[in-house]
Amino acid sequence: MAETREEKRAPSIITVTELSKTYAGGFRALDSVNLDIRRGEIFALLGPNGAGKTTLISIICGIVNASSGQVRVGGHDIWREFRAARSLIGLVPQELTTDMFETVWATVNFSRGLFGKPADKALVERILRELSLWDKRNERIMALSGGMKRRVMIAKALSHEPAVLFLDEPTAGVDVSLRRDMWAMVRRLRENGVTIILTTHYIEEAEEMADRIGIIRGGRITLVEEKAALMEKLGKKQLTVQLQHPLADIPEALSDLPLTLSADGCALHYHFDSQGAQAGIAVLMRRLGEQGIEFVDLHSHQSSLEDIFVSLVQAREGAE
Ligand SMILES: Nc1ncnc2c1ncn2[C@@H]1O[C@H](COP(=O)(O)OP(=O)(O)OP(=O)(O)O)[C@@H](O)[C@H]1O
């Protein structure tokens with residue numbers, strides 16, 4: 001019997017069911033959130049400031065109490081089987097929280113001990129080498145650069161060999177080259193079987209890294225989708241035809257094509273989706289030729305995840 005899509009999909013490692021959180025002051029930060037994280041994926045959680053990303057992560061990690069709902073990590077209920085659930089999780093918080101006077105080596109070993117795991121020098125060495133921190137192992141944390149401190153936080157989170165790693169804004173304030181190093185490192189972790197959940201304000205980061213994207217707004221998950229499918233479905237391409245002579249209007253004979261004219265009349269924009277692009281462009285070229293419309297330049301633009309995200313958020317704001 002043929003496997004269904006459902007059966008082929010990796011099983012969930014985290015299951016969030018009807019999770020709600022109302023803070024003491026009465027603010028409802030999460031509203032009936034349902035979410036499945038698949039084993040071995042990189043899942044990017046996107047949302048504007050105050051959307052509830054940190055609240056959701058903090059609840060899954062047992063730092064904040066939920067008001068209602070259920071969370072299971074590796075099949076363990078995070079309240080009734082807290083230790084078992086928590087031992088599967090590594091958390092790299094937004095803020096750097098560590099003893100600045102300790103050495104890198106001591107702090108990472110200590111973090112492992114906090115989870116009741118026996119010392120494992122070879123493992124800690126491997127983690128530090130992987131994160132390019134081995135040369136800095138005897139430095140005090142306060143003597144490290146911001147990017148290195150951030151990597152120490154990742155080393156601490158990995159020290160007890162978690163199956164799931166939460167990265168809350170991992171590259172905030174990190175320069176472009178270090179950001180790329182971090183992305184490569186996160187990919188290597190995934191290759192080693194670690195499930196990664198990251199929140200980010202850099203949509204480019206989600207576009208680059210994620211297998212799936214979740215969007216959260218006002219405490220509600222408004223969309224969860226495979227990144228590739230999201231970009232395929234919502235991604236639009238635009239071909240701009242720079243004209244030799246400006247047009248006052250789009251000729252009647254071309255009115256059946258998805259064309260718009262720039263305000264100055266000097267460019268035609270042809271809008272199409274990713275499928276059928278080549279056939280569409282060939283037809284456009286032929287039809288422009290038939291109309292005697294000459295052009296001097298052509299360039300195409302494909303919408304990025306950022307364009308898609310902005311249009312989704314705007315569409316929903318318009319609907320509210
Ligand atoms: N301890 C708290 N008490 C009351 N309200 C809180 C508390 N913590 C967070 N909130 C509120 O809950 C909402 C969600 O906050 P949260 O930090 O989860 O958002 P976020 O999506 O992580 O935002 P950011 O992208 O800015 O980090 C915000 O409106 C915030 O002000």
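Reply: Among contacts between residues at least 6 apart in sequence, 70% join residues at least 24 apart, two residues being in contact if their C-beta atoms, placed from the backbone, lie within 7 Å. This is a predicted model, in which local features need pLDDT of at least 70 and side-chain atom pairs count only at pLDDT 80 or more, while totals for chains, interfaces and linings use all residues. Residues are numbered from 1 along each chain as its sequence is written.

The protein has 11 helices and 14 strands, taken as DSSP runs numbered from the N terminus (H or I over at least four residues for helices, E over at least two for strands). Two packed helices are described by the angle between their axes and the distance between the axes. Helix α4, residues 104-114, packs with helix α6, residues 146-158, at an angle of about 30°, and their axes are 7 Å apart; axes here are lines fitted to C-alpha atoms over the stretch in contact, with angles running from 0 to 180 degrees between N-to-C directions. The crossing of α4 and α6 is right-handed, that is, the near helix is turned clockwise from the far one by less than a right angle. On the α4 side the contact is made by V104, T107, V108 and S111, and on the α6 side by V152, A155 and K156. By class these residues divide into 4 nonpolar, 2 polar and 1 charged, where Ala, Val, Leu, Ile, Met, Phe, Trp, Tyr, Cys and Pro count as nonpolar, Asp, Glu, Lys and Arg as charged, and the others, Gly among them, as polar.
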